[in-house]
Structure formats: structure tokens, C-alpha cells
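This report walks through a few local features of the structure shown below, taking one region at a time.

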Amino acid sequence: MSGKSQRRRKALASGTGVAIAMFAALAATGLSLTGPLKPAKLDEPATAEAPKKTDWRDVARQALDKEKMSFADVKFKSGVLTVSGDTEEAQSRARAFDVVKQAVLSDPSHVGVVLAFENAITLAGQAMVDAPDAASAMGATPDAKACQTAYDTLLDGRVINFGSASAVLAEDSKPLLNALAAVAKRCETYRVELGGHTDARGDATANQALSERRAQSVADYLVSQSVPASLLGVSGYGETQPKDAGGDADADAKNRRIEFKIVEDGAQ
């Protein structure tokens, strides 16, 4: 082979090697001789699933089924878990209520969702005078908001009754007062104001005095239930702060009330 032919062959081999090297470099940078390469598809971040809400009625229902208490049923509304049904035995009534409470309280996520437990089981067809239990549902260390919510839950649709035009507590209000006392004892870090209110019937000055006496009667009862007197403030507002200005019997019933309001840290 002539020297000229050998030089031509070496040049071709050299050019082929350069082309191969260039192609490899282009491929390494994501480019192509025929156009840009499609970028590799990156894994999309997994979307976090929203935590499932606990069906507290179902939790209670399963607990009752486990204990074979088919006479009891459960509903959950406005934060109150109510156990209903009918039984002829007081022990079975109390046991069913306790089963529901323990099933819910065993899950700490109930705090702030389940606000109270109510035993509405009738005894041989007769309704019992029970008030909801809000104190048990508050968690280990209730803050001011939890305490206020507990008071509001107990007094939602319920009132402390007195004798007509007097500050004598009605006997049928004792269960509600006991439930309020239980909350107050759980909330010993906070002072609470007991505000007395009346309807607008009668003399305004007399209503003012009556509202103060009624609030004081409630405070005295709470103290009798071991609530520290230092945590209770008493105020009377008479007819000056009506909840309902309708002027009829229903409005008057709403306006006659005792309100519980957290006012300050009891440790101050």
C-alpha cells in the first residue's frame, strides 16, 4: 500500500473516532443530533392524604355491640355524644354509658371534638334527670378555651332554674349545677364570672337585685360542691343584656339565665 493511501486511511479512522466522541458528549448533556432529548420524567411528590376523621358514633356503637348492649343507641350532634335507649335495670343504664365514655376517652384525638357525654337512656320508660358530662371530655390539661367551651356546651339549651321571683335554686337544676361544678374543678387555673340576667318584666331595680342574688346562689352551691370560692366572681346585670328581644314568653325564658364566663387566670 502506498504511503498516500495509508495517510488517507489514518485520517478516516481519526475522523470516525472524533465523531464517536462528539456523539457521546452530546448524549451525556441531554442533546441529540436530531433535536433536544426529552428530559427524564421526575417522580412527582406524593400527595399527603388528609387524616381520616374518626366516626365517634361508630366507635361508641362498636363498644356497645362488643358488650352485647343492643338496647342502647348513640347519636353525635354539636359535640355531644348522646346514649339513648331503654332498660329496666339502673345498673345496665349506668354500664352502657360508661362503656361509651371509656371507648371514646381511650383515644386522645377526641379532645376538642367530643365536648360532652349525655346519658339519655330511659329506665323502664321513665326519663332520668341527668345533665351531660363535659368535665370528662376536656383532656388532661384544659386551657381557657376548653373550659369556656365546656361551660357553653352545658348551658346550650339548658338553664339554671329558680323559684318564681326568688333566688332559691330549683331542685331539677341540681344535676346541671353538679356538671358545672365538675367543670369548674377541672378549670381551677381560671377564674369564672357568674353573670345573672333577668327578663324585662317588673321593676328594673328589683330585677337588678334579683339577678345578683341568683348569681350568688349559684356561686354558693358551687362552693358547697368543693369549687374554690376564690375562683368565682358574681355579677348581676338585671334586664340590661337580653338574649332575645322578642318580648314573649319564649324570649323571657331565654333571658332569665346565669352565664359562666372565663375572665382571667386564677393564678394571678
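In this predicted model, D199 is found in the loop that runs between β5 and α6 (204-224). With a relative accessibility of 9%, D199 counts as buried, because the limit for that class is under 20%.

The next topic is the cysteine pairing. How many disulfides does the model contain? The count comes to one disulfide, and this disulfide joins C147 to C187, with an S to S distance of 2.1 Å. C147 belongs to helix α4 (residues 144-154), whereas C187 sits in the loop between α5 (174-186) and β5 (190-197), so the bond ties together parts that are 40 residues apart in sequence. The torsion about the S-S bond of C147 and C187 is about -105°, and the disulfide is therefore left-handed. Are the two cysteines buried or exposed? C147 is buried, at a relative accessible area of 0%, and C187 is buried as well, at 2%.

Another loop, the one between β4 (122-123) and α4, holds G139. Leaving out neighbours within four places in sequence, G139 is in contact with V111 and R186. G139 and R186 are separated by 47 residues in sequence, and their C-alpha atoms lie 9.6 Å apart in space.

Finally, helix α3 (residues 90-105) can be described by its length and by its packing. Helix α3 has 16 residues and reaches 23 Å from its first C-alpha to its last, which is close to the 22 Å expected at 1.5 Å a residue. The buried residues of α3 are S92, R93, A96, F97, V99, V100, K101 and V104. An α-helix has 3.6 residues a turn, so residues three or four places apart point the same way. Which elements do the buried residues of α3 pack against? Their packing partners are α2 (56-66), β1 (72-77), β2 (80-87) and β3 (116-119).

Definitions and conventions. Residues are numbered from 1 along each chain as its sequence is written. This is a predicted model: local features need pLDDT of at least 70, side-chain atom pairs count only at pLDDT 80 or more; totals for chains, interfaces and linings use all residues. Side-chain values use heavy atoms; hydrogens and water are left out. A disulfide is a pair of cysteine sulfur atoms within 2.5 Å. Helices (H or I, at least four residues) and strands (E, at least two) are DSSP runs, numbered from the N terminus. Buried means under 20% relative accessible area, exposed over 50%, partly exposed in between (1.4 Å probe, protein chains only). Contact means heavy atoms within 4.5 Å. The expected span of a helix is 1.5 Å times one less than its number of residues.
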